[in-house]
Amino acid sequence: MLAGSANGTFLPPYKVYKAKTISNSWRMNGPKGSRYASSKSGWFDSYALDDWIRSIAIPYLRKLPGRKIFIGDNLSSHISTDAIKLCQEYNISFVFLPANSTHLTQPLDVAFFKTFKMSLEEDS
């Protein structure tokens, strides 16, 4: 999970491994503030979402004044009643992108990763 704010700040990454438990060696030398989890599939699930919100998003966002908004896709594992309630406590709202549109509308994919990938292709 990578997340960024409208002011250009990127939050620490959250890596999910396909495993029952996480090896300590997998946590070594990662970016500062990174957090690690595991899931049966190796994909972000509702447990990882809740943990990411508690451990990375809220510590960053609670320092900022005013209303905050999460923009996310409609993937079922990215929707959690507990996460939404927790966010409401910190004046954070969810905005879900239209289904099957993330290739066009997901802000990090369109504005950041596309440009990043294009720069890598130019260098090769």
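The legends below describe several close-up views of one predicted model.

View 1. The chain has 124 residues, of which 30% count as buried. Its accessible surface comes to about 8600 Å², and 56% of that surface belongs to carbon and sulfur atoms.

View 2. In soluble globular proteins, nonpolar side chains tend to be buried together. Here the largest nonpolar core has 19 residues, and those with the most contacts inside it are Tyr 14, Phe 44, Trp 52, Ile 53 and Phe 70. The elements that give two or more residues to this core are strand S1 (14-18), helix H1 (46-61) and helix H2 (81-89), and the largest share, eight residues, comes from H1.

**View 3. Ala 48, a buried residue of helix H1.** Ala 48 has its place in helix H1, and it counts as buried because its relative accessible area is 2%, which is under the 20% cut-off. When residues up to four places away in sequence are not counted, Ala 48 touches Tyr 14 and Val 16. A further pairing concerns Met 1, which is 47 residues from Ala 48 in sequence, while the C-alpha atoms of the two residues are 9.4 Å apart in space.

**View 4. Asp 50, a buried charged residue without a salt bridge.** Asp 50 also belongs to helix H1. Which side chain of opposite charge is nearest to Asp 50? That side chain is Arg 54, at 4.5 Å, and Asp 50, although buried, has no salt bridge; the distance explains this, because a salt bridge needs the nitrogen and the carboxyl oxygen to be within 4 Å. Leaving aside neighbours within four places in sequence, Asp 50 is in contact with Ser 80, Asp 82 and Ala 83.

**View 5. The salt bridge between Asp 51 and Arg 35.** The structure holds one salt bridge, and it is formed by Asp 51 and Arg 35, whose closest N and O atoms are 2.8 Å apart. This pair links distant parts of the chain, since Asp 51 is in helix H1 and Arg 35 is in strand S2, 16 residues apart. Asp 51 is buried, with a relative accessible area of 13%, whereas Arg 35, at 35% relative accessibility, counts as partly exposed.

View 6. Ser 39 has its place in strand S2, and with a relative accessible area of 6% it is buried. Not counting residues up to four places away in sequence, Ser 39 touches Val 16, Tyr 17, Lys 18, Ala 19 and Asp 45. Ser 34 is found in the loop between S1 and strand S2 (35-39), where it touches Pro 12 and Pro 13, again leaving out residues up to four places away in sequence. The C-alpha atoms of Ser 34 and Ile 56 are separated by 8.5 Å, and these two residues are 22 residues apart along the chain.

**View 7. Two asparagines with positive phi.** Most residues other than glycine have a negative phi. Asn 29, in the loop between S1 and S2, has a positive phi near 65 degrees, and at 79% relative accessibility this residue counts as exposed. Asn 91, in the loop between H2 and S4, has a positive phi of about 60 degrees although it is not a glycine, and with a relative accessible area of 41% Asn 91 is partly exposed.

View 8. Which residues make the nonpolar surface patch of about 260 Å²? The patch is made by Ile 69, Ile 71 and Val 95. Of these, Val 95 is found in strand S4 (residues 92-96), and it counts as partly exposed because its relative accessibility is 37%, which lies between the 20% and 50% cut-offs.

Key:
Residues numbered from 1 in each chain as written. Predicted model: local features only at pLDDT ≥ 70, side-chain atom pairs only at ≥ 80, totals over all residues. Heavy atoms only, no water. Core = buried A, V, L, I, M, F, W, Y, C linked by side-chain atoms within 4.5 Å. Buried < 20%, exposed > 50% of the residue type's maximum accessible area, 1.4 Å probe, protein only. Helix = DSSP H or I, 4+ residues; strand = E, 2+ residues; numbered from the N terminus. Lys, Arg positive; Asp, Glu negative; His and termini not counted. Contact = heavy atoms within 4.5 Å. Patch = residues over 30% accessible without salt bridge, like charges linked within 9 Å, V, L, I, M, F, W, Y side chains within 5 Å. Areas by Shrake-Rupley, 256 points an atom, 1.4 Å probe, with all protein chains shown as cover.
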